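Dear colleague,

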Amino acid sequence: MPKRTRFTTWRPLATAAAAALTATLLTPAAAGAAPRESLPVHSYENAVREAVWVDTGLDEDRDGRADRVAVDIVRPREPARQGRKVPVIMDASPYYSCCGRGNESQKKTYDANGGIVGMPLFYDNYFVPRGYAVVGVDLAGTNRSDGCVDVGGRSDVQSAKAVVDWLNGRGRAYTTRTGTERAEATWTNGRTGMIGKSWDGTIANGVAATGVEGLETIVPIAAISSWYDYYFTQGAPLYDSGPDWLSNYVESPQARARCAAVQRELVDGAPRTGDRTPLWTERDYVRAAEKVRASVFLVHGMQDLNVRMQHVGPWWDALGENGVERKIWLSQTGHVDPFDFRRAEWVDTLHRWFDHELLGYDNGIDREPVADIERRPDQWVTSATWPPRGTRTATLRPAEGAEAGVGTLGLRRGRGTETVTDDPRLSETDWAARVDTPTPDKAGFVTGPLTRDLRLSGSSRVTVTAAPSTPTAHLSAVLVDLGPDTVRDYADAGEGITTLAERTCWGASTAGDSSCFKETRARTADVGFTVVSRGWADLGTHADSGRGEPLTPGKRYTITLDLAATDHVVPEGHRLALIVAGTDRGLIDPPADTPTLTLDLARTSARVPFVGGTAAFARATAGTHAEARDAVLDGVDRPGATAHRVPGEAR
């Protein structure tokens, strides 16, 4: 698909609309100039609040009639009176009644007649006065919607896509859940932006991957791009349950009573073997990236151990290969919304993004750096592109050291072997803390102290050749920055933030819907090492990442582990380590056996993207030598405490 120029081609189409909005959205002094910012000139208190039920065209609950999804709408009253149409900001979620949204777990609230009173989050408070409609969609099978939750499949995605179609005059909606009175979206121009964190953002990804017309932009926050990769990583299970458990967790009581067939399909289609099946193919949005027509503003925590960074690299790359306009924020947090780690900058940036994408305002956001990256707590840098220009892959080689399991990492091919005995009681933090000490549970390979900063940016791959002692074996590979630092404490319950009692307000309020939210601050930890990137695999998938097989004890197998994308600077004086081990406690489940793995170092390597490539690594390690050390290093707590089975839980 050729590179598109959606920013420049849309501006002429926006000219008439922008002119029509000028009198309302600009101050008198600015009248006559092209608008660059939507202003809060509409009444939030007097906004239209209504509900419709959109026909999805599916009958997932098998009751003989098409499923309808509930759509709660808050929109400014004044434009409709003046014959003007407004764009839409939409959040489609399964959490509006079961679990809540945001740091304060807000749920939708209604009056005695079922009319929407409180819409979670700040979007309606802030954007409705600025001339946007805000729409909250209950995914099929949740809250007030018909149908069944199918965890990222056809029903979930169609729940939201059908609403985009209706907003653009292609679908049907009704004023009640079971009635026949039709509802028309005459108040909107159909230009829709989807936003949401975790499952909500995942649905935005899925709808964009249908190529639906009218979806102009999506803002997926900590979102899934392939549901297989939420439950497995190259055959290794991440959780002790499948999508059927998650479906049951969020479904309404009515849906649970009538969705047994869908539940059975989820069980049968997602075997705990880790094999890829048609169910997972349907829920892989990366493979459909060529259909995406919307721009994408992606936000993710580089230490998110719920929806992990494995969901960023393939999606980001696929979008770029297909000419999609992109922007990205990468924080040091875990599973946290940017409203809670960079609030003022987030609201301002999101405002300008929607003004540009949905109103067509030439405010310059498309000419700003593509990436914002949190380098230290509350300290951000930008990159014109991401990964930066000049980023190239270097092949790093592990080699034996003076003691077993404590080796070196460099550019020359090593020889010999190392052995690792799986210990499911230990995690990446245990391995890194004792990287300089021989222990049977891991093999660590370390550079000497760097003579200059070294920046990793993008996704790494680690190829391991190993002979297992048992028919089953799991592998973990982690890249670690060894050196003192202050980082966000992503292993704490707040995943890098502390919630305060004070509140700040972002938009207008009513008695039933406040725009004031609790402030937060960074929760930090002083550490002696930082895990930079991680990857895991079932060695049984060595021949086919989509299907495992029993291993022959003593036979050598070669497998490549995909490590998560990241952006991290290893400072001068720090060391870079590659650790290879078995089960990473709290992040993958152990295999059926407890294997010992014999690593062939000559056939083991790591391909790591550095800004400056191999030459940068060579310069940073020139003249350095790995040093023998025996200190135990401090890190964050073991990551298992923040591993979740529910995308969207916690922060």
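What follows is a short account of what was found in it.

This is a predicted model, in which local features need pLDDT of at least 70 and side-chain atom pairs count only at pLDDT 80 or more, while totals for chains, interfaces and linings use all residues. Residues are numbered from 1 along each chain as its sequence is written, and side-chain values use heavy atoms, with hydrogens and water left out.

The mean pLDDT (the predictor's confidence in each residue, from 0 to 100) is 92 for the chain, and 92% of the residues reach 70 or more. Over residues 1-31, however, the pLDDT is below 50, although this stretch has 59 contacts (heavy atoms within 4.5 Å) beyond near neighbours in sequence.

Turning to helices (DSSP runs of H or I, at least four residues, numbered from the N terminus), α11 covers residues 313-321, and its Gly313, Trp315, Trp316, Ala318 and Leu319 are buried (under 20% relative accessible area, with a 1.4 Å probe and protein chains only). Among the elements that cover these buried residues are α5 (199-208) and the strands (DSSP runs of E, at least two residues) β12 (295-301) and β13 (326-331). After α11 comes Gly323, whose phi is positive, near 75 degrees.

Where α7 meets α9, Pro243, Asp244, Ser247 and Asn248 of α7 are in contact with Gln263, Leu266 and Val267 of α9.

Leaving aside neighbours within four places in sequence, Met194 is in contact with residues including Met90, Ala92, Ala160 and Ile203.

Definitions and conventions
Buried means under 20% relative accessible area, exposed over 50%, partly exposed in between (1.4 Å probe, protein chains only).
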